[in-house]
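User: I have a chain to go through before I set anything up. Can you walk me through it?
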Amino acid sequence: MHIFKSTPIYEVLFTCAKYAILTDMKTVTRFAPSPTGYIHIGNLRSAIYPYLIAKQEQGTFILRIEDTDRARYVEGATELIEDTLKWIGLDWDEGPEKGGENGPYFQTQRQEIYIEWAKKLITAGRAYADPTPSEQIAKYREEASKNKQAFLYRNYRPDNTPEWEPGMPLRFKAEPKERKYHDEVFGDKVMLPETQDDIIIIKADGLPTYNFAHIVDDATMGVTHIFRGQEYLPSMGNYLAIYEALGLDTPKFVHLPHILAPSGNKKLGKRDGAKSAVDYRADGILPEAMLNFLACLGWNDGTEDELYSKEDLIKKFSIDRIQHAGARYDEQKLIWLNGQWIRRLFAEDAKALYERTKDFWPENNADDDYKFKIFSIIYDRLKTLGDLKTMTSYFFEDPTVDMSMIESNKALKKLSEHEIQDILRQAIDKLRSIEDWTADNLQNALNELLESTGHKPAELFGLIRLSVSFAPFSPALHDTLSVLGRERSLARLNAVITAYSRD
RNA sequence: GGUCACGUCGUCUAGUGGUUAGGACUCCUGGUUUUCAUCCAGGCAAUCGCGGGUUCGACUCCCGCCGUGAUCACCA
C-alpha cells in the first residue's frame with residue numbers, strides 16, 4: 001500500500017482509528033409512521049430509503065409506531081401499515097410482531113421513558129409547566145399574525161411557572177442562537193434564533209409530542225440516520241436545541257423532498273386522491289414495480305437504467321444522489337414499469353408469476369393448467385394483472401355474438417353477409433381437417449387458408465379472431481385458437497354463421 | 001408577513017465552464033404477414049425560471065429578481 005509511503009504516520013493512524021470506529025458503528029434506520037390511516041405512496045418512499053441504507057450497510061431497520069395522537073388514531077391502521085410494508089418487501093428487523101432489544105415499539109408504551117427524559121430537562125431548568133390557557137395563546141398568535149410575524153411563544157414566556165404535574169403541558173425552554181448542522185441531502189444549514197421556540201414536549205394528556213418523542217426514541221434506539229419529509233426542515237432549530245439540552249449526539253439527517261400530486265404543485269396527499277399503497281396491489285400492480293417506481297422517484301444512480309430490483313437498489317442506492325426538488329407522481333410511468341416487471345418475472349419464472357395472478361381472473365371454474373396456458377399467451381400484453389379480468393373472459397365462457405363489432409370493423413365492414421358466411425365455412429372446413437390441434441399446425445392451416453381463399457389477412461384473420469372472441473383485442477390468432485381448443489373454436493365460428501342465417 | 005427549500009422537454013431525470021443539452025414515460029409515424037399489446041426503428045418536444053455580472057466561452061460560478069412549495073399546532 002503505497003499510501004503509507006507518502007503519508008505521515010499520524011495521518012495513517014488517524015485513518016485506521018477512524019476506520020475502526022466506523023466499522024464498529026452499526027447503521028440503524030427506522031420508519032416511524034403514525035397510525036392515522038393507510039400509507040399512501042407519498043409516505044411509502046420514506047420507508048424505502050431507510051430500509052435500503054440499513055440493508056446496504058448490514059444494519060438494522062426498525063418499525064416504530066408513533067401513536068401519541070389519540071384523537072387521530074385509527075383502529076387497524078397499524079395492521080394496514082404492516083401489511084403495506086410486507087407487501088412491498090420491506091421487512092423490519094425490529095418492531096411490532098418482531099420485537100427486539102430496543103422496544104417497546106409503540107410510543108404509547110414508552111411513556112415512562114419520555115417522562116424520565118423530560119424530568120432531566122426540568123431539573124436542568126430547560127423545561128417548564130405551561131400555565132397559559134389555550135384561549136390566551138390563541139390571542140398571542142393572533143397578535144403575531146396581525147404584526148406579520150411568526151408566532152413565538154417564548155416572547156410571552158411567563159415569569160412564574162407552577163411545578164409540573166400531570167394534566168399540564170410541559171414546554172421546552174429555548175435558548176435561541178444560531179445552530180449549524182449538516183443535512184445529508186440539502187447540505188450545510190444554519191438555523192437562526194427565530195426558528196427556536198418554547199415548544200410543547202409533553203401534552204396535557206401526558207403523552208409526548210412528536211417533536212420530543214422522536215428525539216428520545218431515536219437516541220435510545222441507537223438510530224443513526226433520520227429519514228423524513230422536508231416539512232420538518234423548519235423545525236430543525238428546535239430539534240438541535242433539544243439534542244443539545246439532552247446532551248445527545250445528533251444522528252445523520254436525511255430530509256426528503258416531497259412527492260407532488262399529479263396536478264398542481266402541492267405535495268401528494270390523501271386529499272388529492274393519493275391511494276393507499278396496497279390499493280395498487282388490488283389493481284394488479286406488482287410490489288417489484290411499486291418499489292422500483294418509488295425508489296426512482298427523486299433518486300437515480302446516474303446511469304440510464306430504469307429497472308431495479310430490490311437487490312439492485314440495496315446495492316446502488318446512495319443518499320447523495322437524492323434529488324433536491326420534489327418529484328411529481330406520474331401513474332403512467334408506474335404502469336409502464338409494471339408491464340416491464342410482468343415480462344421480466346415471466347421470463348425468470350413463469351409458474352411463480354402465474355401463482356401470483358390468482359385474484360385477478362374473471363369468474364371461472366377452469367383448472368390451473370388451462371389458465372396457465374392463457375396466461376402464457378397473454379402475459380406480454382398485460383400492463384397490470386388486473387387486465388386479466390377484462391382481457392380473458394372469452395376463454396371461459398362463450399361470448400355473445402355481436403354483429404355490430406364485425407360491421408364496424410374497418411376491414412370487415414365491406415364484406416357482405418354472404419361473404420362472411422362463406423369465409424367462416426371455409427375456415428371451419430380447413431380447421432376441422434387439422435388432426436393435431438397445436439399452435440404450429442393452426443398457424444400453417446391459417447396460412448394455407450389465406451392462399452386458398454385469396455382474402456387479405458385483415459379480413460380472414462380479423463373475422464375469425466372476432467368470431468371466437470368478440471373482444472377488442474386478443475393474443476395471436478393461432479395461440480388463441482390452440483388454447484380455446486378445437487370444439488370450442490369451431491362451435492363459435494358456427495354460431496356466427498347461424499346468427500347471420502337467422503336474419 | 002418571517003424563516004426555509006426548490007426551479008433542465010408535459011412528466012421522471014443525466015449533466016458540476018467548451019455537449020448538435022443525453023436517456024426514460026406520454027404522444028405521433030413506420031415495421032414485426034388480423035386486432036390490441038409487446039418488441040424494433042424513427043419523430044415531436046427544454047431560448048436549461050428571468051435579468052445582470054465573471055470568463056475567450058456559462059445550464060454549470062457570483063449577485064439581484066421572479067415563481068412555486070413547506071413551515072410558524074397540546075398533528076406528525
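Analyst: A hairpin joins β5 to β6 through three residues. Helices (H or I, at least four residues) and strands (E, at least two) are DSSP runs, numbered from the N terminus.

User: How many bridges join β5 to β6, and which way do the strands run?
Analyst: Strand β5 (residues 179–183) and strand β6 (residues 187–191) run antiparallel and are joined by five bridges. Two strands pair if DSSP finds at least two bridges between them. Asp183 stands opposite Gly187 in β6.

User: What are the ground rules here?
Analyst: This is a predicted model: local features need pLDDT of at least 70, side-chain atom pairs count only at pLDDT 80 or more, and totals for chains, interfaces and linings use all residues. Residues are numbered from 1 along each chain as its sequence is written, and chains are lettered from A and ligands numbered from 1 in the order in which they are written.

User: Okay, β1 and β2. In what sense do they pair?
Analyst: Strand β1 (residues 28–31) pairs with β2 in the parallel sense, over four bridges. Val28 has Thr60 as its bridge partner in β2.

User: Which residues of β2 are buried?
Analyst: In β2 (residues 60–63), Thr60 and Ile62 are buried on one side, and Phe61 and Leu63 on the other, which leaves both faces covered. A residue is buried if 20 or more other C-beta atoms lie within 10 Å of its own, exposed if 12 or fewer, and partly exposed in between, with C-beta atoms placed from the backbone.

User: Switching to helix α21. Which residues are buried there?
Analyst: Ser489, Arg492, Leu493 and Val496. Down the axis of α21 they fall within an arc of 95 degrees (from the directions from the helix axis to the C-beta atoms), so they line one face of the helix.

User: What do they pack against, and what is exposed on the other side?
Analyst: The buried residues of α21 pack against α17 (417–432), α19 (457–469) and α20 (477–484); contact means C-beta atoms, placed from the backbone, within 7 Å. Glu487, Thr498, Ser501 and Arg502 are exposed on the other side.

User: And the whole chain?
Analyst: Chain A has 21 helices and 11 strands. Its radius of gyration is 32 Å, well over the 23 Å that the globule rule gives for 503 residues, so chain A is more spread out than a compact globule. The radius is taken over C-alpha atoms, and the rule is 2.2 Å times the number of residues to the power 0.38.

How values were computed
Contact = placed C-beta atoms within 7 Å.
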